[in-house]
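Dear colleague,

Please find below the structure that I am handing over to you. My notes on it follow directly after.

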Amino acid sequence: MRLIARPGCTAPFPDHPRVRETFGLRTPQDLYDHPGYGQSFLDELAEYGHRFEHRVGGYAAVSGVAEYRAAAGPAGSPAVTDPAAATARDIARALEWMPLAQFHHEPAEAMPGHPDDPAPAGRRRGALVWLIREEDLTRGEFDAALLVPGL
């Protein structure tokens, strides 16, 4: 069997820290008032953006959530669970992280769950996402990558 890959574009979701920083969306109300959070745009994004797949680089299919969890650290402080409620500090810390790789998961594959976030009943799929800081990636220090399981 051959391993095949194809390049593709990814985009962050509207509550991703990169989007919030770029558009100056500091409060939850700023976010909800922005056109990127409009229902028609979100419907279109969901049409193309919620496909779970294996990825190297780009934005994770769970963009934003993974970055906030990575910012909390492995032993970390509590992770932001609602990206819309993230503070400027949360956003700045999340921006330090970028996806390195993502692998999708189907329930039969028994993916390890995040101890603080058990899978909701009936969830059909999820992702394992490894994130890394840009400077660690530049130096090739892949051991500095952080796994954010159970998304």
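Which side chain meets that of Glu96 in a salt bridge? The partner is Arg133, with N and O 3.5 Å apart; a salt bridge here is a side-chain nitrogen of Lys or Arg within 4 Å of a carboxyl oxygen of Asp or Glu. Glu96 sits in the loop between H5 and strand S2 (97–105) while Arg133 belongs to strand S3, so the pair links parts that are 37 residues apart in sequence. Glu96 is partly exposed at 40% relative accessible area, and Arg133 is partly exposed at 27% (buried means under 20%, exposed over 50%, partly exposed in between, with a 1.4 Å probe and protein chains only).

Please note that this is a predicted model, in which local features need pLDDT of at least 70 and side-chain atom pairs count only at pLDDT 80 or more, whereas totals for chains, interfaces and linings use all residues. Residues are numbered from 1 along each chain as its sequence is written, and side-chain values use heavy atoms, with hydrogens and water left out.

The structure contains four salt bridges. Among them, Asp136 pairs with Arg139 at 2.8 Å between the closest N and O atoms, and Glu141 pairs with Arg139 at 3.1 Å. Shared partners join Asp136, Arg139 and Glu141 into one network. Within it, Asp136 is buried, at 8% relative accessible area, and Glu141 is partly exposed, at 32%.

As to the fold, the protein has six helices and four strands (DSSP runs of H or I with at least four residues, and of E with at least two, numbered from the N terminus). Their order from the N terminus is α-α-α-β-α-α-β-β-α-β. Of the 151 residues, 35% are buried.

Regarding confidence, the mean pLDDT (the predictor's confidence in each residue, from 0 to 100) is 76, and 74% of the residues score at least 70. Over residues 113–122 the pLDDT is below 50. Where pLDDT is low, the predicted coordinates should not be read in detail.

With kind regards

Methods
Contact = heavy atoms within 4.5 Å.
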